[in-house]
Amino acid sequence: MVDGSDSNTIDVTNVVKSYRSGLGEVRALRGLTCQIPRGKLSFIVGPSGSGKSSLLYLLGGLDQPDSGEIAVFGRRLSSLSKRERDEFRRRQVGFIFQNFNLLGNLSAVDNVLVPFLPQGISAKLRQEAVDLLTQVGLGNRLDHRPNQLSGGEQQRVAIARALLKRPLLVLGDEPTGELDSNSGAEIYRHLRELRDAQGSTVVVVTHDRSHIQPGDFVLTIRDGGLEVGNG
Amino acid sequence: MFSFALKNLLSRPLRTALALCGLTVAIAGMVGLFSVAEGIQDTVRTTFGKMPGVTLLQPGAPLPLFSRLPTAWGEEIAKLPGVHVVHSEVWSRAHLVEGKPAISPPRFLFGSDLVQADQLRYSVYREKMVQGRSLNSNDRGTQRCVISQAIADEYGRVLGENLRVDGHDLEIVGIYKCDSLFLDVSIILDIALVRKLGHLGEDTVCNFYVEPDLDTSSEVLTTRLKDLFAGRSPGAWQPTIEQAIDLAGDSPMVKQLAPLARMAAAAAGGNEEVSPVADEIPVEVRGNEDWSQQVHQLSADLDLFLAIMTSIGVTIAFMGIVNTMLMSVSERIIEFGILKANGWSGAEVLRLIGFESAILGFGGGVLGSIVGWIATHAINAQFPTRIHLYASPKLLVVSLLFSCVLGILAGLYPALRAARMAPMEAIRRG
């Protein structure tokens, strides 16, 4: 427990976030307050423009709220310096994006190692990356470039990249949004297996409720606030 | 990180190649331009480097051609301890060679006192004879000459034929080849003939080349020469009356005439009355290093011009790299967002782009230095008698380092822009 926040939950307290777009200012989150439990696969659902992705990026320290507070397992993000926030993302947060966001000039295994490139890659770390790719069924695709992989395979590389650091928190922004249903199901299977293996908390933003299983935590957002009846 | 930066560059081959081309041209231009000045220095070094002696000229004269000294001083100098030979030299321009104006390259008439020349242990031209023989004391009073291979080639003359210079037919008895732009322009003649062609009296030489004996260094010789002329005004063209009396020897007649000479000199306001300035002497003594410095001073304006020309090329290359890196950063905004989302700090993104621009700078520097070096050799081969470019190892290394610094500086602004961008802003903009 730090500053009243729970070390077993992600605490979002009265968070407001707006940003500028072509049409003017968009108020993405309007005083949102919620808690996300540790160690679960949590889904943030809601209509387009409801503020789901904005919340996700705030949880990962990619963005900062205009006001309000976010504490990830007891650690207040607003108290972190820029350097500490970088370190928080590097060590404790894994991101999975809808459009994979792999680097086109790197092989699958090098893409998995991207977070650690500035520090240099040890043989042990490279082996861990190879093992992770093997676990997600890409043991024979290690040296393939993203353009040589299918959408599902690219997303599995992105999952391996997110999990190599054994993060506390894995954040997925529509990770199956560009995949067919079979590939989507496979991605969730891998996510659940790796979450079980590593004990990470996985938070996924999605439109597609078909992958939600009993025991998963669901947070429904509408118009920048929590929809009544959540939990 | 380095290999990642390299992969990033290689994954955009066209953009990288264009940036490298821009830098290569600029650095090659820099090497080429500065090789002009270095070529002059190199020519001076190779020309004068082997001469063991020193040259005496009129103070401030950039070259012997513009210098005038009294012939009589040669006798004074010859009496100094440590002097092996004093070689009197007269220089003049050849205006018409074979009926054509000799303007570029210029041709010079080099008049040598052939008796003194015979006594020189080392003579640049004598060492470089490729056909025939050098002039000797038997050639005094004749119109025989020694010319360079370049002059022979230019005018289609061979050994034994005549070369017509300023209305005089000169018989070619020898051909030399020094491979020096400064030396290969000379037509060597008896000193009396050059005086006649250049309308110089017998009492005047352009310079003295003083060769020390084997036990005397050129530094010691220089000191003795300066001491000899110390206290003599630059305006004084003759020795003082006491020096003249001393030079005349100690015969009874000289002793009788000496008091009269002193009185006459005093009445005429001779050299003794010219008050000497302590640090001024009527000759300039130049050794090997002095020639280099003299030419360096002469080429200072050339260096300035070359620096301006180079800076124009470098500025264009600099803007080219800035543009390339800015375009590259703009194209890759989402990539930097991804890197930051994965924990890369702004400093690490900065380092990545810095590496990329440094690799470009290094690559451009290496290619530019190689291209510039090859170009200087190609130009030298094409115009062997007209120009000598020299790209020294130092110039090549400085160009390479300069290119690296240029690359890093040019990449700095785009890198700062990328580093400051918030990850979400980068991803959204991407």
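Figure 1. Val25(B) is partly exposed because 19 other C-beta atoms lie within 10 Å; a residue is called buried if 20 or more other C-beta atoms lie within 10 Å of its own, exposed if 12 or fewer, and partly exposed in between, with C-beta atoms placed from the backbone. The model is predicted: local features need pLDDT of at least 70 and side-chain atom pairs count only at pLDDT 80 or more, whereas totals for chains, interfaces and linings use all residues. Residues are numbered from 1 along each chain as its sequence is written, and chains are lettered from A and ligands numbered from 1 in the order in which they are written. Val25(B) belongs to helix H2 (residues 13-48) of chain B. Helices (H or I, at least four residues) and strands (E, at least two) are DSSP runs, numbered from the N terminus. Although Val25(B) and Ala317(B) are 292 residues apart in sequence, their C-alpha atoms are 8.0 Å apart in space.

**Figure 2. The packing of helices H12 and H15 in chain B.** Two packed helices are described by the angle between their axes and the distance between the axes. Here helix H12 (residues 300-331) of chain B and helix H15 (residues 393-420) of chain B have axes that come within 8 Å and cross at roughly 30°. Axes are lines fitted to C-alpha atoms, for helices over the stretch in contact, and angles run from 0 to 180 degrees between N-to-C directions. H12(B) and H15(B) are therefore roughly parallel to each other; angles under 35 degrees count as roughly parallel, over 145 as roughly antiparallel, 65 to 115 as roughly perpendicular and the rest as oblique. The crossing of H12(B) with H15(B) is right-handed, meaning that the near helix is turned clockwise from the far one by less than a right angle. Among the residues that meet are Ala317(B), Phe318(B) and Ile321(B) from H12(B), and Leu406(B), Ala410(B) and Arg417(B) from H15(B). Two residues are in contact if their C-beta atoms, placed from the backbone, lie within 7 Å. By class, this contact of H12(B) with H15(B) has 13 nonpolar, two polar and one charged residues. Ala, Val, Leu, Ile, Met, Phe, Trp, Tyr, Cys and Pro count as nonpolar, Asp, Glu, Lys and Arg as charged, and the others, Gly among them, as polar.

**Figure 3. The six-stranded sheet of chain A.** Six strands of chain A form an open sheet with mixed pairing, in the order E6-E7-E8-E3-E9-E10. Two strands pair if DSSP finds at least two bridges between them. At the edges stand strand E6 (93-96) and strand E10 (225-226) of chain A, each of which pairs on one side only.

**Figure 4. Strand E8 of chain A and its neighbours.** Strand E8 (residues 201-206) of chain A runs parallel to strand E3 (residues 41-45) of chain A, and five bridges join the two. Within E8(A), Val205(A) is the bridge partner of Ile44(A), and Val204(A) is that of Phe43(A). E7(A) also runs parallel to E8(A), again with five bridges, and Gly172(A) has Val204(A) as its bridge partner in E8(A). In a regular strand the side chains alternate between the two faces of the sheet. Thr201(A), Val203(A) and Val205(A) point one way from E8(A), while Val202(A), Val204(A) and Thr206(A) point the other way, and all are buried. Helix H1 (residues 52-59) of chain A lies across E3, strand E7 (169-173), E8 and strand E9 (217-222) of chain A, and runs at about 155° to E8(A).

**Figure 5. The four-stranded sheet of chain A.** Four strands of chain A form an open sheet with antiparallel pairing, in the order E2-E1-E4-E5. Strand E2 (24-37) and strand E5 (75-76) of chain A each have a single partner strand, so one side of each is left without a neighbour in the sheet. Strand E1 (residues 9-21) of chain A is joined to E2(A) by eleven bridges, and the two run antiparallel. In E2(A), Cys34(A) is the bridge partner of Val12(A).

**Figure 6. The contact between chains A and B.** In this view, 18 residues of chain A are in contact with 17 residues of chain B. Helix H2 (residues 82-92) of chain A gives the largest share of chain A's side, five residues. The residues on that side of chain A divide into nine nonpolar, three polar and six charged.
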